[in-house]
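Let's take a friendly walk through the inside of a protein model. Have a look at the sequence and the structure first, then read on.

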Amino acid sequence: MAAAVSPTSVESAPRIMKLVAECSRSRARAGELRLPHGPVATPVFMPVGTQATMKGITAEQLDALGCRICLGNTYHLGLRPGPELIQKAHGLHGFMNWPHNLLTDSGGFQMVSLVSLSEVTEEGVRFRSPYDGDESLLSPEKSVEIQNALGPGVGPSVMDKPWIYRLPARGSTFKAGGPEILVQPALDDGKERFGSALVPTGNLQLKKKQYEKDFRPIDPECACPTCQKHSRAFLHALLHSDNTAALHHLTVHNIAYQLRLMSAVRASIVEKRFPDFVQDFMGTMYGDPTLCPAWATEALASVGITLR
């Protein structure tokens, strides 16, 4: 039996983050993740490919947009197509044909998203499959086993701290260097499914009649393929004909927007103008500061940024 490992030794896993700059007022940080498939500048938008793919966009298109890391879901990939099949394809990179970095989650988020289908126990989380109703136990050890089979290169901590310390004691290790490698992805909420396109002032609901004869691009300042080639009127027509191409074009734009936004956030931190960037961003988005959500105003104030 492996010897027990103290919390200190677990938390001494190799550091993969290089700090590049920090805002003196808010302490917002810009960094660089040093990962097996190349460096990733942070903060970064990380598209979520739940089952080894992003909906509505190909891996080649993600690459062309400048995406250098995306996320796969351990729980869902563990159910189907299954880690054994993915391992035969030389891991998730080979299965997806993705040359850049991948991060897999621990499966712990499904304790929330599938709360009606799960039960938390001392051994892990017992799930009832949303696909066929079969029951399975996702323990910390099983989570690490699946992630090692997927071979993402980066895996975050397992579901909860008490379970983390159990892993070394039982001889389970994550191949990227330890169970405490943490990355927080930005969330993609699938707005394109509802005809919503992200712009600096919020979003455009392209199903609305006002866009029926609007021949401007979604965002004149956006260099993505959708904005360079297609008009709001064209996308409006596709959405009203239930053409899945509309979702594809909107996905390309929305991902490009979020990648560009996080790149701009990072640049503002490095150039020591992050508070001004936030003021400009919120001003463009909401106009009058009193229209900003209270939670956003309060959160910014707590780090020294008062909207004006």
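Just after helix α7, G151 takes a positive phi of about 65°. Helices here are DSSP runs of H or I with at least four residues, strands are runs of E with at least two, and both are numbered from the N terminus. Keep in mind that this is a predicted model, where local features need pLDDT of at least 70, side-chain atom pairs count only at pLDDT 80 or more, and totals for chains, interfaces and linings use all residues. Residues are numbered from 1 along each chain as its sequence is written, and side-chain values use heavy atoms, with hydrogens and water left out.

Buried means under 20% relative accessible area, exposed means over 50%, and partly exposed is in between (1.4 Å probe, protein chains only). Among the buried ones in α7 are S143, I146 and Q147.

Those three residues also turn up around T74, which is in contact with S143, I146 and Q147, as well as T104, D105, S106 and G107, leaving aside neighbours within four places in sequence. Contact means heavy atoms within 4.5 Å. T74 lies in helix α3, and it counts as buried because its relative accessibility is 0%.

Now for the largest nonpolar core, which has 25 residues. Such a core is a set of buried Ala, Val, Leu, Ile, Met, Phe, Trp, Tyr and Cys residues joined through side-chain atoms within 4.5 Å. L62, L92, M96, W98 and I255 have the most contacts inside it. The elements giving two or more residues include α3 (74-79), α7 (140-150) and α11 (244-270), and α11 gives the most, with three. The core draws at least three residues from each of domain 1 (17-182) and domain 2 (188-302); these bounds come from an automatic or database domain assignment. In soluble globular proteins, nonpolar side chains tend to be buried together.

P47 lies in the loop between β3 (38-42) and α2. Why does P47 count as buried? Because its relative accessibility is 0%. Leaving aside neighbours within four places in sequence, P47 is in contact with residues including L62 and I255.

Here are two distances to look for:

| Pair | Distance |
|---|---|
| D105 backbone oxygen to a polar atom of the T74 side chain | 2.3 Å |
| P47 to C67, C-alpha to C-alpha | 8.2 Å |

P47 and C67 are 20 residues apart in sequence.

Conventions:
A polar contact is a pair of N or O atoms within 3.5 Å; within protein, one must be able to donate a hydrogen and the other to accept it, and residues adjacent in sequence count only if both atoms are side-chain atoms.
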